[in-house]
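Subject: Structure handover

Hello,

Here is the structure you asked to look at. My notes on the chain contacts follow it.

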Number of protein chains: 6
Amino acid sequence: MTRLLVINPNTARAMTGLIGRTARAVAAAGTVVDAVGNAMGPESIESHYDEALAVPGVLAEIRRGGYDGYVIACFGDPGLDAAREIADGPVIGIAEAAMHTATLLGRSFSVVTTLSRTIGRARDLVHRYGFERACSGFHACDVPVLEVEAARKPLFEACARAAESDGCDVLVLGCAGMAGFCAEFSAELRVPVVDGVSAATKLAESLIALGLKTSDRGEFAPPPPKRYSGPLSTFGTQG
Amino acid sequence: MTRLLVINPNTARAMTGLIGRTARAVAAAGTVVDAVGNAMGPESIESHYDEALAVPGVLAEIRRGGYDGYVIACFGDPGLDAAREIADGPVIGIAEAAMHTATLLGRSFSVVTTLSRTIGRARDLVHRYGFERACSGFHACDVPVLEVEAARKPLFEACARAAESDGCDVLVLGCAGMAGFCAEFSAELRVPVVDGVSAATKLAESLIALGLKTSDRGEFAPPPPKRYSGPLSTFGTQG
Amino acid sequence: MTRLLVINPNTARAMTGLIGRTARAVAAAGTVVDAVGNAMGPESIESHYDEALAVPGVLAEIRRGGYDGYVIACFGDPGLDAAREIADGPVIGIAEAAMHTATLLGRSFSVVTTLSRTIGRARDLVHRYGFERACSGFHACDVPVLEVEAARKPLFEACARAAESDGCDVLVLGCAGMAGFCAEFSAELRVPVVDGVSAATKLAESLIALGLKTSDRGEFAPPPPKRYSGPLSTFGTQG
Amino acid sequence: MTRLLVINPNTARAMTGLIGRTARAVAAAGTVVDAVGNAMGPESIESHYDEALAVPGVLAEIRRGGYDGYVIACFGDPGLDAAREIADGPVIGIAEAAMHTATLLGRSFSVVTTLSRTIGRARDLVHRYGFERACSGFHACDVPVLEVEAARKPLFEACARAAESDGCDVLVLGCAGMAGFCAEFSAELRVPVVDGVSAATKLAESLIALGLKTSDRGEFAPPPPKRYSGPLSTFGTQG
Amino acid sequence: MTRLLVINPNTARAMTGLIGRTARAVAAAGTVVDAVGNAMGPESIESHYDEALAVPGVLAEIRRGGYDGYVIACFGDPGLDAAREIADGPVIGIAEAAMHTATLLGRSFSVVTTLSRTIGRARDLVHRYGFERACSGFHACDVPVLEVEAARKPLFEACARAAESDGCDVLVLGCAGMAGFCAEFSAELRVPVVDGVSAATKLAESLIALGLKTSDRGEFAPPPPKRYSGPLSTFGTQG
Amino acid sequence: MTRLLVINPNTARAMTGLIGRTARAVAAAGTVVDAVGNAMGPESIESHYDEALAVPGVLAEIRRGGYDGYVIACFGDPGLDAAREIADGPVIGIAEAAMHTATLLGRSFSVVTTLSRTIGRARDLVHRYGFERACSGFHACDVPVLEVEAARKPLFEACARAAESDGCDVLVLGCAGMAGFCAEFSAELRVPVVDGVSAATKLAESLIALGLKTSDRGEFAPPPPKRYSGPLSTFGTQG
């Protein structure tokens with residue numbers, strides 16, 4: 001049996017529910033998926049500020065441990081590098097998962113996101129992961145994160161616009177809250193549409209099946225232990 | 001049930017056997033793996049020439065169809081773009097699979113290959129897939145492809161040298177014939193070692209589970225039908 | 001006297017004729033140009049599949065040898081790396097020739113090709129050769145390869161559109177079948193137009209005059225000899 | 001009068017003192033420099049984990065506001081993007097400051113850092129800021145952050161080694177705690193040595209003098225207001 | 001007291017005046033700014049030809065020496081590398097200054113220049129300095145250099161168009177003659193607008209305050225002495 | 001008959017002689033080569049300063065006109081962009097010619113130059129022309145330009161070292177004064193060695209034969225006419 005923890009980096013319960021259902025829908029027979037929300041931080045992530053402040057809560061869940069692998073279910077992949085230093089199994093971000101998966105399906109993908117101000121972060125990640133030549137564009141539907149689950153029309157239009165204007169081979173959904181539209185949009189637009197939560201679930205399962213986890217040779221070895229102060233003192237890693 | 005065809009692009013039967021065993025060892029419970037060798041072309045692939053001439057046989061297997069997904073099990077990913085145009089399911093090359101997987105485990109990977117003359121092709125693929133910043137080096141063990149399965153010592157030394165000199169987080173084995181050493185070298189060198197055959201098997205399974213296959217929007221749509229002549233006339237695609 | 005073999009990678013005789021005439025029109029006084037078609041494979045190259053299957057026939061011609069230099073006259077440069085391993089003189093692809101030549105005439109060039117699905121391959125080559133900053137765009141006239149020789153109007157319109165929208169300094173014709181329009185379009189659009197067949201002919205002549213051919217130091221040394229099976233057994237290189 | 005806040009992202013008071021002295025030593029006549037430590041988080045930053053958890057405290061200082069400009073004095077530039085969204089004046093990270101400054105003094109710079117595990121973050125920043133061609137190497141002195149202020153010998157040796165092996169034009173000190181050695185090492189090694197705290201102080205002053213601050217056109221506009229929960233609820237931005 | 005020489009690389013006196021006023025307006029209390037025009041060469045710089053021929057006059061001023069730092073006030077940064085070899089203090093070009101400054105204010109900047117033919121040079125500099133990812137576009141107002149100071153309307157329109165079409169965070173003025181419009185356009189368009197003369201003045205002051213100047217370790221060491229002939233014989237550097 | 005002007009950008013007569021002989025040795029039967037030295041400027045080019053001040057003399061020769069094509073025979077390609085704006089035929093720099101030619105002969109080339117301080121300029125050109133992936137290294141023989149023609153031993157050693165340490169496919173000679181050693185070193189080291197003067201001669205001939213010259217669509221159109229002052233007043237382009 002494989003145990004997977006899918007972490008919703010924001011505090012919105014409904015979104016944690018959607019994320020859990022999405023992961024379970026694609027998980028293998030022997031995989032148990034637990035979905036958990038963030039116990040501290042923003043109710044949604046729509047800025048660099050929100051994202052930075054979602055990270056402590058994500059790391060708190062990772063630290064608790066006890067799973068074979070972890071998924072960070074926000075398209076900014078918040079805290080991914082830090083999570084890899086402390087996790088007892090592989091950790092996958094949904095942006096990285098969606099992008100890796102998309103490049104296996106064609107030459108180019110376009111990202112459709114919520115607010116246009118989040119495109120900068122998506123651009124950084126595309127670059128960090130090496131997909132700047134594969135990424136053909138970024139499009140925003142201009143719907144806030146917590147409303148996107150119900151915003152079929154503007155999201156569909158943004159997807160259609162992206163597919164048309166960029167001539168891309170694949171669409172990538174740029175928010176965990178969009179997962180419900182994946183199959184439907186793909187059928188209607190006749191283009192593969194990749195949702196990061198599903199993709200990350202399968203990649204995490206794959207790494208576990210392969211017996212692989214984050215290298216601890218240097219950069220991603222456990223952090224040097226030390227004292228933490230103030231409201232974050234529980235994060236201290238001193239022996 | 002998921003049916004996967006793993007294609008060995010050379011004509012060496014022993015290597016087809018090893019590749020099949022490797023894929024089956026990591027396949028999920030419900031996956032049936034068939035392994036097939038190349039019916040035409042070189043007995044091993046050690047040059048651009050060999051690789052180019054291995055492609056028709058690979059495409060012949062892909063054309064036959066009838067599987068949910070396909071793996072091309074040579075580290076040059078021969079015929080991958082063409083295979084994607086004609087396959088009835090997703091197609092994964094083992095070089096791309098190994099590289100994508102390696103980047104989920106750390107910042108950097110080094111490739112250990114057979115003859116040093118094959119490094120050029122590996123370099124092209126690293127670049128094509130966007131991993132030029134992630135790739136920290138290329139090392140050859142200078143053992144011919146058909147002997148590498150039995151060449152534990154020189155291969156181990158090349159791996160150790162790569163891990164030491166490049167300071168990389170992950171090692172990538174650059175030949176399907178090296179698959180048998182994966183777990184053992186990883187334990188001994190204390191660094192994740194990625195074998196492409198295993199990695200590609202899991203990626204193919206994942207895409208199938210996600211209901212995804214190659215985009216047929218443009219570049220990878222089925223090729224325009226036409227007449228073929230000479231020894232390759234059976235590849236003709238005319239209605 | 002310099003002897004040059006210009007190889008048409010498809011099996012269409014009319015196109016071989018056009019290619020031969022184009023090369024001879026720019027060849028130096030002392031150069032004899034032979035043009036030969038592909039004895040096996042597709043009648044035109046309009047997909048990755050066609051291109052991969054054109055390669056064995058190209059390599060068969062190269063192997064025959066007996067020339068001072070070779071030109072591969074299809075804009076995908078099919079089999080170029082493999083050809084360089086086995087040729088007894090320099091080998092030039094027409095895409096590489098056209099791109100190198102274009103960058104000597106200005107900052108930027110745009111490529112005008114046949115079917116839009118072939119743009120992916122052109123993009124790969126632009127990248128492989130280092131001209132991603134010099135290339136300002138790709139445009140398709142959406143005429144099949146075997147009809148482009150007679151499709152003056154749509155091709156002219158695509159060229160005019162490229163020159164206008166990209167503001168490029170130079171146009172590159174992305175198919176050997178377009179060679180006949182080179183001078184005429186250049187005059188009408190007042191922009192240098194580069195045809196790869198002519199450009200490759202001059203580059204091959206130049207390398208020969210300089211006494212240069214492909215390095216055989218490593219990657220491009222003659223392939224290790226080995227047995228080939230099936231319909232491709234004649235390609236075997238065993239002593 | 002210009003008022004500048006220099007924030008030490010860790011909780012070590014001695015280091016806050018050093019940072020303040022360093023900034024004041026180069027500040028213009030009319031500039032008042034306040035130096036402040038982090039009220040929550042790690043006592044030093046030596047991992048992605050430490051860095052992620054230093055960010056809330058940095059943002060708490062920035063939010064307080066009341067200055068003409070801000071410097072984040074840790075070489076990982078923690079929280080820089082988020083800080084720019086909320087600050088009432090320009091914000092400069094010391095890594096970005098050191099790198100920009102170094103490129104004005106020569107073609108290439110090498111970074112000398114504390115623990116080798118922090119090189120990954122430095123590499124990311126070099127890339128993020130566009131200096132991958134200018135950066136000629138990364139070297140660690142393998143001294144913990146809180147001891148580097150007193151570790152003249154190993155730091156000098158790492159600097160000498162970097163200058164020698166990379167042939168770089170400039171050295172960049174990769175930790176705020178190294179500031180005290182800047183002039184001395186420069187004189188001894190006869191190579192410009194750039195300290196980020198000093199450089200950031202001057203860049204912040206310059207932007208203020210030019211009347212420039214972070215663009216609020218899109219990505220860096222103030223974050224959408226929202227509710228925050230748990231230990232971080234005070235970061236909430238709801239009206 | 002800091003003494004700064006700001007060099008106008010063209011021979012137009014009115015422009016030298018504007019440049020001097022611009023620099024003095026942002027200079028610190030203790031800085032004396034001298035502005036000097038070119039004693040030989042073109043009256044304005046609008047081509048590679050003009051720029052190349054402006055360089056000897058720029059270098060003649062730099063050679064004279066006697067200042068703590070130097071600014072080359074033409075957006076092509078003419079002669080910058082050569083100037084750094086011979087100057088007795090730091091040298092800053094206004095293109096490099098504007099671009100470095102712009103990247104501290106947001107993710108992306110667009111350049112607005114005079115004649116569209118000068119965009120090529122701006123593109124080269126963007127690339128040389130590492131800002132190809134930060135630069136979101138180039139726009140020309142199509143006004144000659146010597147008329148741009150009075151061409152408020154077409155310049156404003158080009159700036160507005162750039163801000164609108166590129167969605168950039170920052171605008172960079174691509175000619176010293178545009179400095180007068182900086183604050184006004186910024187206020188009207190609600191986007192930071194960076195003028196290179198002001199920016200370079202502050203960067204030069206900063207380097208001087210930090211005690212930094214060009215590295216003389218190798219490439220930028222004083223040129224080997226030698227004989228010069230003809231009209232340029234006075235540039236000879238023979239002992 | 002084709003008339004080619006090969007310009008030596010320095011004032012050393014012996015070097016002009018060598019350059020002329022080198023070009024004539026590879027020129028086609030119908031080509032007349034004139035070689036001319038620089039009438040003003042440095043006796044050799046060994047710094048950015050020398051190079052910048054060699055440009056006016058180069059442009060003076062180009063302006064005189066009357067040839068079908070031009071070669072600028074210094075490895076820094078001084079004045080190339082400006083020359084292209086004013087020339088009445090194609091213009092080729094020997095660095096660009098050598099690099100383009102080298103990439104047709106293998107995957108990688110290394111540059112062997114005179115003084116190590118000139119490597120920076122070579123690096124810039126490698127980058128400008130798009131060959132950063134093809135270039136495997138830079139090596140200096142540390143012999144001044146005017147002595148290199150007689151410095152067989154140190155130059156040979158630098159070439160041997162480059163071939164050995166970089167494992168490159170091709171060597172590029174980084175100074176016109178090295179042309180005499182090209183064939184000899186190639187035979188001895190068993191690696192293609194490319195001399196830029198020869199390569200540029202053939203490329204210029206090729207462009208002329210193809211009826212191609214620099215695009216005059218925008219950036220490289222004739223410069224706007226204007227007044228020049230001082231010692232450079234003869235360069236004025238006013239009607």
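Between chain C and chain B, 32 residue pairs are in polar contact, with both residues at pLDDT 80 or more. Bear in mind that this is a predicted model. On the side of chain C that touches chain B, five elements each supply at least two residues: strand 3 (41-42), helix 2 (48-64), helix 3 (80-86), helix 5 (119-129) and strand 10 (228-229) of chain C. Helix 2 of chain C has the largest share, nine residues. By type, that side of chain C holds 22 nonpolar, eleven polar and 13 charged residues.

Salt bridges come next. Chain C and chain B have ten of them. One is between C:Asp124 and B:Arg128, with the closest N and O atoms 3.3 Å apart.

Strand 10 (residues 228-229) of chain B runs antiparallel to strand 3 of chain C, and two bridges join them. B:Ser229 has C:Gly41 as its bridge partner in strand 3 of chain C.

Now the extent. Chain C brings 46 residues to the contact, and chain B brings 46 residues. Together they bury about 3800 Å², and carbon and sulfur atoms give 57% of that. C:His48, C:Tyr49 and C:Arg117 supply 20% of the area that chain C buries against chain B, more than any other three residues.

On to chain D and chain A. This contact takes 46 residues from each of chain D and chain A. The buried area is about 3800 Å², with 57% on carbon and sulfur atoms. D:His48, D:Tyr49 and D:Arg117 provide 21% of what chain D buries against chain A, more than any other three residues.

There are ten salt bridges between chain D and chain A. In one of them A:Lys226 meets D:Asp50, the closest N and O atoms lying 2.7 Å apart. Strand 3 (residues 41-42) of chain A and strand 10 of chain D run antiparallel, joined by two bridges. There, A:Pro42 has D:Tyr228 as its bridge partner.

How do the two copies relate?

Best wishes

Note on methods:
Residues numbered from 1 in each chain as written. Chains lettered and ligands numbered in written order. Predicted model: local features only at pLDDT ≥ 70, side-chain atom pairs only at ≥ 80, totals over all residues. Heavy atoms only, no water. Contact = heavy atoms within 4.5 Å. Buried area = accessible area lost by both parts, 1.4 Å probe. Salt bridge = Lys/Arg side-chain N within 4 Å of Asp/Glu carboxyl O. Pairing = 2+ DSSP bridges. Helix = DSSP H or I, 4+ residues; strand = E, 2+ residues; numbered from the N terminus. Polar contact = N/O pair within 3.5 Å; in protein donor to acceptor, adjacent residues only side chain to side chain. Nonpolar A, V, L, I, M, F, W, Y, C, P; charged D, E, K, R; others polar.
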